[in-house]
Amino acid sequence: MKISEILAQKKTLSFEIFPPKREDEKFTLIEKTIAAMDALNPDFISVTYGALGNTLSNTVAIASHIKKNTKAEPLAHFTCVASTKEKVDSICNELSEAGIENILTLRGDIPKDNTQPIFTDFKHASDLAEYIHTSRPGSFLTAGACYPEKHPEAFSMREDILNLKKKQDAGMSFFTTQLFFDNDAFYQFLLAARTAGITAPIIPGIMPVTNYNQLDRLIQITGCNVPLKLRNYFDKYKDDKTALEEIGLIFTSYQILDLIAHDVDGIHIYSMNKSNFITKLIDNIKYVATEYFK
Ligand code: FAD
């Protein structure tokens, strides 16, 4: 089923997972993490695709596993980085054979130490989506990424939102945001996107953070704003794992409840494959969540 059909009927709950780097970890991820997540009744589970294509076969294999063994729809990520038209054709064949109809089309992160050609046939996510829709009309839903606090390379928020409109015009059916901790930044972005004519659902992407170094890394990568109360708690309990987990759980629970109160299109959780923590999180808000995602 295409995820747009689900979004037309209800608010969605979804999780992102990533393929493990080591082959021997794959079994645990597939058997345990995905099964634990399926028990939380997500509408879809997205599977990331590593830079320079080195985990593409894992992405397709894990998405196929989700399709066969869970109630959730898989959303396979796919990037322009190092992708040719031939490669896209061949992956689309594999996805079709596995009954997978949903692709998150992305440009991909440019590796810092890159020595190989990165962009061949596609420069932007919108080029990739356009090619998939033109070469296989009606076969796939494409979705894309958006940035409530602006993509780091965009000159301005206005320019970034005009580029987001290009993604919608290229046929993308919905957008998932980059992680953020400041809900007000998301609400401002949502209003600006709607004003610019972006009508597709925009699903906030939330990453629970429970580790001091992880918070700093995320700020560096995304440039996201961190509310003072979260910063203060993290500074105060820097070396206390238990306290940081408790703070992460409560902060993320409240962040999601606030988004739900603003009637957002869905909630996407960057799980980092931590199914135990995600289970605790959903359990923490279970009465509201059960009602919202039903
Ligand atoms: P684009 O849409 O191409 O945007 C990149 C920049 O170009 C922006 O500044 C934008 O304003 C501008 N732009 C966009 N379209 C045009 C256009 N038509 N003409 C001119 N300028 C344009 N990375 C991975 O490697 N693997 C993953 O699995 C992965 N999953 C992700 C999932 C989500 C939900 C998000 C938010 C990000 C993910 N990323 C992933 C990271 C992503 O690849 C990077 O953020 C990357 O830097 C930009 O990707 P994009 O698809 O937004 O690129």
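Let me start with a term: a polar contact here is a pair of N or O atoms within 3.5 Å, and within protein one must be able to donate a hydrogen and the other to accept it, with residues adjacent in sequence counting only if both atoms are side-chain atoms. Hi everyone, and thanks for coming.

A word on what we are looking at. This is a predicted model, where local features need pLDDT of at least 70, side-chain atom pairs count only at pLDDT 80 or more, and totals for chains, interfaces and linings use all residues. Residues are numbered from 1 along each chain as its sequence is written, and side-chain values use heavy atoms, with hydrogens and water left out.

Now, the ligand. A polar side-chain atom of H151 sits 2.8 Å from one of the ligand's oxygen atoms. D160 also brings a polar side-chain atom, 2.6 Å from a ligand oxygen. With G108 it is a polar backbone atom that lies 3.0 Å from an oxygen atom of the ligand. How much of the ligand's accessible area does the protein cover? On its own the ligand has 960 Å², and the protein covers 88% of that; these areas come from the Shrake-Rupley method with a 1.4 Å probe, and for residues only the protein chains shown count as cover.

Which elements give two or more residues to the shell around the ligand? They are β3 (73-79), β4 (102-106), α5 (125-135) and α6 (157-169). Helices (H or I, at least four residues) and strands (E, at least two) are DSSP runs, numbered from the N terminus. The biggest giver is α6, with 4 residues.

In total, 24 residues surround the ligand, and the closest are Y49, H124, Y147, D160 and K167; a residue counts as near if one of its heavy atoms lies within 4 Å. By type, the shell has 8 nonpolar, 10 polar and 6 charged residues.

Staying with α6, its axis and that of helix α7 (residues 183-195) come within 10 Å and cross at roughly 55 degrees. Axes are lines fitted to C-alpha atoms, for helices over the stretch in contact, and angles run from 0 to 180 degrees between N-to-C directions. That makes α6 oblique to α7: under 35 degrees is roughly parallel, over 145 roughly antiparallel, 65 to 115 roughly perpendicular, and the rest oblique.

Further along, helix α9 (residues 228-236) packs against α10 at about 165 degrees, with axes 10 Å apart, so the two are roughly antiparallel.

Last, two backbone spots to look at on screen. N41 is not a glycine, yet has a positive phi of about 60 degrees; find N41 in the loop between α2 (26-38) and β2 (44-47). K150, also not a glycine, has a positive phi of about 80 degrees, and K150 is in the loop between β5 (141-146) and α6.

Methods:
Nonpolar A, V, L, I, M, F, W, Y, C, P; charged D, E, K, R; others polar.
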